[in-house]
There are 2 protein chains.
Amino acid sequence: MESLDAIFKPKSIAIIGATVRPGSLGREMINNLFNFGFNGMIFPVNPRYEYIHSTKAYPTVLSIPDPVDLAVVVVPKEHVLMAAEDCGRKGVKGLVIITAGFKEVGGEGIEREEQLVAIAKKYGMRMIGPNCMGVIASPPDVRMNATFAPGVPKRGSLAFMTQSGALGVAIILTAKKLNLGFSYFASVGNKADVSAIDLLQYWENDEYTGVIGLYLESFDNPTKFAELSKRITKSKPIVAVKSGTSEAGARAASSHTGSLAGLEVAADAVLRQCGVIRVSSIERLIDVVVGFSHAPLPKGDRVAIVTNAGGPAIMAADCVVSQGLAITELSQETRDRLAAILPAEASVNNPVDMISGAGPKEYHDCLDIVLGDPAVDIVIPIFVPPLMIEPLEVMRTITDVGRRHDKLVLAVLMAEEKYFDLMPQAVENAVPYYRFPESAAEVAAAMFRHYNWRSIPAGDVVTFDVDKKTALDILQAKHKSGGGYLSPDEVDSVLRAYGFAVCRHAIVPLGGDLAAAAKEVGYPLVLKVEGESIVHKSDIGGVEIDIEDEEDLLEARQRMEANVGSAGLFQHVTGYFVQEMARPGKEVILGVKQDHKFGPVLMFGMGGKYVEIIRDIAFRVMPVTDLDARQMIQEINSYPLLEGVRGEVRVDIEFIVESIQRLAQLVSDSELIAELDMNPVIVHPERGDCRVVDARIRVNGGG
Amino acid sequence: MESLDAIFKPKSIAIIGATVRPGSLGREMINNLFNFGFNGMIFPVNPRYEYIHSTKAYPTVLSIPDPVDLAVVVVPKEHVLMAAEDCGRKGVKGLVIITAGFKEVGGEGIEREEQLVAIAKKYGMRMIGPNCMGVIASPPDVRMNATFAPGVPKRGSLAFMTQSGALGVAIILTAKKLNLGFSYFASVGNKADVSAIDLLQYWENDEYTGVIGLYLESFDNPTKFAELSKRITKSKPIVAVKSGTSEAGARAASSHTGSLAGLEVAADAVLRQCGVIRVSSIERLIDVVVGFSHAPLPKGDRVAIVTNAGGPAIMAADCVVSQGLAITELSQETRDRLAAILPAEASVNNPVDMISGAGPKEYHDCLDIVLGDPAVDIVIPIFVPPLMIEPLEVMRTITDVGRRHDKLVLAVLMAEEKYFDLMPQAVENAVPYYRFPESAAEVAAAMFRHYNWRSIPAGDVVTFDVDKKTALDILQAKHKSGGGYLSPDEVDSVLRAYGFAVCRHAIVPLGGDLAAAAKEVGYPLVLKVEGESIVHKSDIGGVEIDIEDEEDLLEARQRMEANVGSAGLFQHVTGYFVQEMARPGKEVILGVKQDHKFGPVLMFGMGGKYVEIIRDIAFRVMPVTDLDARQMIQEINSYPLLEGVRGEVRVDIEFIVESIQRLAQLVSDSELIAELDMNPVIVHPERGDCRVVDARIRVNGGG
């Protein structure tokens, strides 16, 4: 038996704090449990009553003669620890602590929560909450509604976890209106014990759960979350509302390049990388989940719209296109068949406009024809009820025809509210239906993305043959000496050890053989004056580029010495830095930044001086597979620039894919790298011409 | 009397095609008219009945003894022309043609519509439709509901125009649920006569109309629309759903730079430039209109959130920030006062979390304190009903306190549907309330944008002193010779005549004094070989840049002659093109393209080779004021680059503002310019350094 079974499959439940006071938590909770038809025994616990809800009540959980699997605790916060201790002694295996007043209020609440966790641990009890609104488990052999949400929730295939009790109630209410049912529901509150990770694991192979919904405010363990959800989404969709972006908004506004890889982008990267469908609101989450719960996945992106009104069809088509799906072209045969049954005023091109006289028969016949067209993957039937035509009849027809084909049908019903109230009873097993065309289009797009995600392989983490020791020695040494930025020479060595195409260079001490070193590096060259205390080298004439040959080189040195001399800095010069000059090309940036929560966050984007302004950057968290690396590159808006536009040749994308993976390998080999930027990396069609031109590495202090 | 008064203020109405058949248009229409309490006489017209709806019926409109102002026509399409003719002879002044089967069905329908328009014109009748769902006018002395939408619409201050009858029904249904009332409603159908322009004019100074809503599929007269709406939005908000973007999606995908200024961007530019609030869906339109109708405009962007639940407040804060508003910092005094009345577990920082025990008293007192804080412009109270607290009581309190302050209050009520059904009756004059926090945040942002728009001046169209004749002569000549691209010399002359800072240049014939010409233009220089049949000049070594002095120049000529000679093209050389070499700087693009519907569409953005990929461009239609020009520049994402980032100096923004206005002047002086691109225009901190480096002008053919 899994440890969460005590919570989600109890045979007996004690309600500690049950009462008969109307409107109280203890009363609502026990009512809900009875009304949902719990398949086991319910024991009210409250010393002040002899019976509650016609059921014998017990003064404490210890006085219950039968075994108790789960205790739901709604007593005032001062009594929670005692109740939990009693539960432990009784041999209870699961706790749901509804009571608030713990970590979320700070001060003594934090202490109280720690004590609660200690009690649960001592007795081996799993615990949901505290400060939560309860759990639902709808499998037929359980049928438990241990929440205080109003009404009886519908049973279905959605397992939902929420970090906010209030939004949990909203979800239950909205779901009911749209005929959406739950397999499980868990309001996790302070997550003192059971977290999103536990629930994902529990629901992964659960036979009653077809789709998982999450309202997340934070990730407890992003790496574990990523690993799990990446696996689960290959068979079950996960739809998430992730809030808490505004803090990140503030961070992103910071002027430092490193901050580009902030909290929000990391959260977004985790979800994207794991195939989790992120939505912007609870409303949209419900819309999307209804799609997944009540309809098959589309096998392509080609949408047909069948309507009785022009305006809504135009809006639907707009939204379909803006969501990245295609408005399909119907075959000649389909159009001929439609023309044969529709009036002359109708349009048989997509969107098919049957005009406002269309009733159940037209919806039936036209949908059947359009669904039979091999060029159609998704159909959005739109119905705006005219007089004389019964909306429920049309919806029944759409469902009948829709269910006969294995294609995605998402209906739009632009009708009075009363029809939405009637739909759940009136049309059995209805295809998903929405109030507005935008919803249907967005749901179709989400479902197609999920279909795509499932069809691509998981990707591999590739390991290259590198000189790990050299790199780690340098990082370790810097770490021990207090951390900070590596010197250019150290950066060069670390990157070279991991196989990056760093520009060749040499450092020549004053009086050394500059010409020989230059010949070794190879022309054309960049020459820089060396000297730790000379900071703004180019300002004082200490940098020369485009040095073509030895003559240029020696002239440049002469000019440089004069410049540095007249700046009064000659005594600080320790030598010369000679660097291969990369051929001008497309500039990209590759970087990584440690996030205290997400670990290393990798970034790739268009590079150069304006990277912060253009912000055309993709992010990933670890582990980064070959597929992730490739998708990062394809994800940026400027990707066409790399593929080659206006007659240009494609740059070596494989080189970038490999560089991203090498960077991932480097940061997973050493957690000492706080921040690493390679900007610009100049890329060319030929791999041999690609170069890391400038880079910096900051190392954590310590040692 | 205005001509539309016959439609919106009739004293008597004939319903031609009225019937008693349940569910028919003719029956619904007459029922709706009676139920809304029309303040005048209703005459059913149908030869088959003696009376309809207990009212004497007439065989034709001609047999009605009293005068008839308006006729609503619901007869089958074959009888419409006859009915209209009768109306004309009767002296009817307004027609609402519900019947479909006209232009929208093509073929004979087009002809039928032309005949209908001719009849209306002959008798001076104004006409709405055909193919529409009717009109509503709710002023107390009219009270006309001549639509077949179900139910009785509420009276209010929204005047709404829709091009889609189906979406019109959806609007009426949705509005009713949210307690939103109409002053007028017009479904314009095929717009054979009355258009959006007519209605905007009619509603502009109407005392019953506070906000105008539009569902647009197309603009009939964008210039007139722009002029009108720009004026109206300075006193009344206009909220529009503009659909039909997907066609533009396809156009935007085209690879030609010119297509950047396509249909969709033009539509978007018109709306933006005129202060029209564009929303993405009917749902959002209703949300925004409810805000404008039931609440005062915010006088700033500082939002406070007051909640009884954490999750929804986080979501609201996210959305507030992403909409560009600010989460305000409450004053110490405010926080102290909140702390004095809230439990210790509450949060007195913004978002103020009163925790779930908060009832009417807490909402009252906390809202009163927060609304009194001078650092607060907008308050979003969020209420998630816990047990024991009556939602309607809380909503009443929020309304009471909200109405006492002159600040924007947008409530979020995350409750069961039944409370939304009860709200209109239960809470009089309620502040706007929404189901989800996202709605409130978006509405607040729209209302703040409108407040801002009203507070800025309208802007002026500036006219510069230019050499109009020179430019127009060149354009005219090209036009007469069949149009096409102007030569570089012609482009130079046209732009110079309008005061653009074009790079100096000279054309030197073979054997001419190249050195003298070069001295005149000024070093550094670009040298290009001239010759009409030499196309890929740089490929054959016919272009040299960075020419510093006469020695460089003569060497370059020598190399060039050798190159051209070895390419076997020497006999095609006609001379040399010498051009001032612009100092490298920030590259922008300025352009204009004629759109067959919108006229000249101006564009400004970051320039260079990749303008199509980066797509950081702003658009405007004519007329372009100084303010428009400035806003175009500020609108692009790369604006910080022009302002100066990372220690760079700001470029001369005034130079760009002026250049945009000069371009607007040029295209309004001559409609012969089909397309004009200046790319790149290099801009610098000093105006004198800014240069138009490359430009092309395509002239319409004809003449």
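Visitor: How many bridges join strand E24 of chain B to E25(B)?
Guide: In this predicted model, three bridges join strand E24 (residues 525-530) of chain B to E25(B), and the two run antiparallel. Strands are DSSP runs of E with at least two residues, helices are runs of H or I with at least four, both numbered from the N terminus, and strands pair at two or more DSSP bridges. Residues count from 1 along each chain as written, with chains lettered from A and ligands numbered from 1 in written order. Local features need pLDDT of at least 70 and side-chain atom pairs 80 or more, while totals for chains, interfaces and linings use all residues.

Visitor: And what stands opposite B:Lys528?
Guide: That is B:Val543, which belongs to E25(B).

Visitor: Which order do the strands of the sheet have?
Guide: The sheet is open, with four antiparallel strands of chain B in the order E23-E26-E24-E25. Because strands E23 (505-509) and E25 (543-547) of chain B each have a single partner strand, they stand at the edges, with one side lacking a neighbour in the sheet.

Visitor: Which strands does helix H20 of chain B touch?
Guide: Helix H20 (residues 550-566) packs on the sheet and touches E24 and E25 of chain B, where contact means backbone-placed C-beta atoms within 7 Å. Its direction makes about 30° with that of E24(B), using N-to-C axes fitted to C-alpha atoms, for helices over the stretch in contact, on a scale from 0 to 180 degrees.

Visitor: Where does helix H19 of chain B lie?
Guide: Helix H19 (residues 514-521) lies across E23, E24 and strand E26 (575-580) of chain B, and runs at about 175° to E23(B).

Technical notes
Contact = placed C-beta atoms within 7 Å.
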